[in-house]
Amino acid sequence: MMLDVINPATEAVICQIAEDDAKRVDTVVRLARAAFEDWRATSVPERQATLRKVANVIRAHADELAELETQNTGILLKDAKDRYLVRTAANFDFFADYIGQSSGQVFEQHPTYVTTVRREAIGVAGLIAPWNLPLALGSMKIAAAIAFGNACVIKPSEIAPLAVIRLVEIISEVLPKGLVGIVNGRGHITGSALVDHDLVDLISFTGGTETGQRIAAAAGAKLKPVTMELGGKSANIIFDSADLDRALDAALVSIYANNGQQCLAGSRILIHDTIADRFIAAFVERARKIRIGSPLDPLTQLGPVATAAQRDRMLTFFEEAVAQGALPLVGGQRAAGLDRGYFVEPLAVEAPSNDLGVCQEEIFGPFAVFIRFKDAEEAFRLANGTRFGLASYVWTQNLALAMEAQERLEAGVVWINTPVVREMRAPFGGYKQSGIGAQGGAACEAFYSREKTITLPRRIEGLPIERLGI
């Protein structure tokens, strides 16, 4: 079957790709398995050198990859070039550095034996990348998998496969044949075949919570380890002790950057009631001035969302929220003057309760929801009042309050007085239905390698073994 690949800024069909069935998946997985047998035996310096070659190849093709990413996803070209391609190459450099510093363990407490613990590669990793940041997030999985001695097969989203397809083509020039394979297609066809394949040893998925639940169940039936980076409904808590100018800038960035399509978006803005009126008024004034347009235009600040379904879903949520008593603040319709493309105005409402669907469901677009709180206790209750627990943002210049917040918030990542900062050495993962496991240096080492314990005697003399059958 052929699948259309669409440019969300123009609605034009860029090309078609063939959907890979179970037979094609089997071929790619077997090539990866064969490559693994040699790659697992390479030394750390050899793997480091190869990872650095991959990073350099990516930099040499950065403009081409950025243009494909923008064409296929609607990500602003300036962001694709200056942020996401930089991150894509840096992923390989990071893991090259990391494996050079990794170490095992030695236990010498026993008077007769010495025990060592080392880590070794597992096999073939099945990697399923999302459509919102295909290169930056997909490359993180590839770099981690091969850094620790594995082979891998990646399935990009059928919505946005083009940049990942090209990435695999160019990095294959400096990698052993088959070490990084790629398959294309929808989740229930290609993804299922990849997850179910007996020669795929572990699964890493980034995407929606419901899809992640199905993948985890299928992998669990075969006892395959999984990492799941799933949905979010992150709280952005703004106390009256915050630097309000910085908090305002960050609130806008946290929900409208990357066209609002970020799992870690600060989509619920919890605002102290003593500052709510002026903060919301300033937010709305700025949101109305956001420049919407072609992602190729360097002046554009908000491009299209990825699909028509995403656009329509946001507008439906807006209508339902207003019908349930939410106050419309900005947006609520398609962007004026843009007849083609999946463009919407920045959206924001003020909700009377955290129980509304617009406060509980991940909308995954440029849609902010304001909720007022009276004190810190209520803020923490509202922030934790969701099935998700990926990230939280806290704005306050009160150190004691900041310290209390980071303890009380049920989230895998808490950013205090800053928008998103990605520390690659630290784990990035979620609580509750936002995921299983994490991405990052040691977290990836724990997932993409396994421990082996080796015990040997200090000396043979004086260690008799019971002789049975004599």
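**Local packing in the predicted model**

P352 touches Q324, G325 and A326, when residues up to four places away in sequence are not counted; contact here means heavy atoms within 4.5 Å. The structure is a predicted model, in which local features need pLDDT of at least 70, side-chain atom pairs count only at pLDDT 80 or more, and totals for chains, interfaces and linings use all residues. Residues are numbered from 1 along each chain as its sequence is written, and side-chain values use heavy atoms, with hydrogens and water left out.

P352 lies in the loop between β13 (347–350) and α12 (357–360); helices (H or I, at least four residues) and strands (E, at least two) are DSSP runs numbered from the N terminus. With a relative accessible area of 55%, P352 is exposed, where buried denotes under 20% relative accessible area, exposed over 50%, and partly exposed the range in between (1.4 Å probe, protein chains only). The C-alpha atom of P352 is separated by 13 Å from that of A276, a residue 76 positions apart along the chain.

S234 counts as buried, at 2% relative accessibility. Neighbours within four places in sequence aside, the contacts of S234 are C263, L264, A265, G266, S267, R268, L390, A391 and Y393.

Helices α5 (residues 134–147) and α6 (residues 162–171) pack at an angle of about 40°, their axes lying 10 Å apart. Axes are lines fitted to C-alpha atoms, for helices over the stretch in contact, and angles run from 0 to 180 degrees between N-to-C directions. The two helices α5 and α6 are therefore oblique to each other, given that angles under 35 degrees count as roughly parallel, over 145 as roughly antiparallel, 65 to 115 as roughly perpendicular and the rest as oblique. On the α5 side the contact is made by P134, L135, S139 and I142, and on the α6 side by A163, V164, L167 and I171.

In helix α7 (residues 187–196), the residues T190, G191, A193, L194 and V195 are buried. The buried residues of α7 pack against α1 (22–39), β5 (124–128), β6 (151–155), β8 (202–206) and α8 (209–221).

Helix α9 (residues 244–256) comprises 13 residues and reaches 18 Å from its first C-alpha to its last, close to the 18 Å expected at 1.5 Å a residue; the expected span is 1.5 Å times one less than the number of residues. Buried residues of α9 include L244, A247, L248, A251 and I255. Just after α9, N258 takes a positive phi of about 55°.
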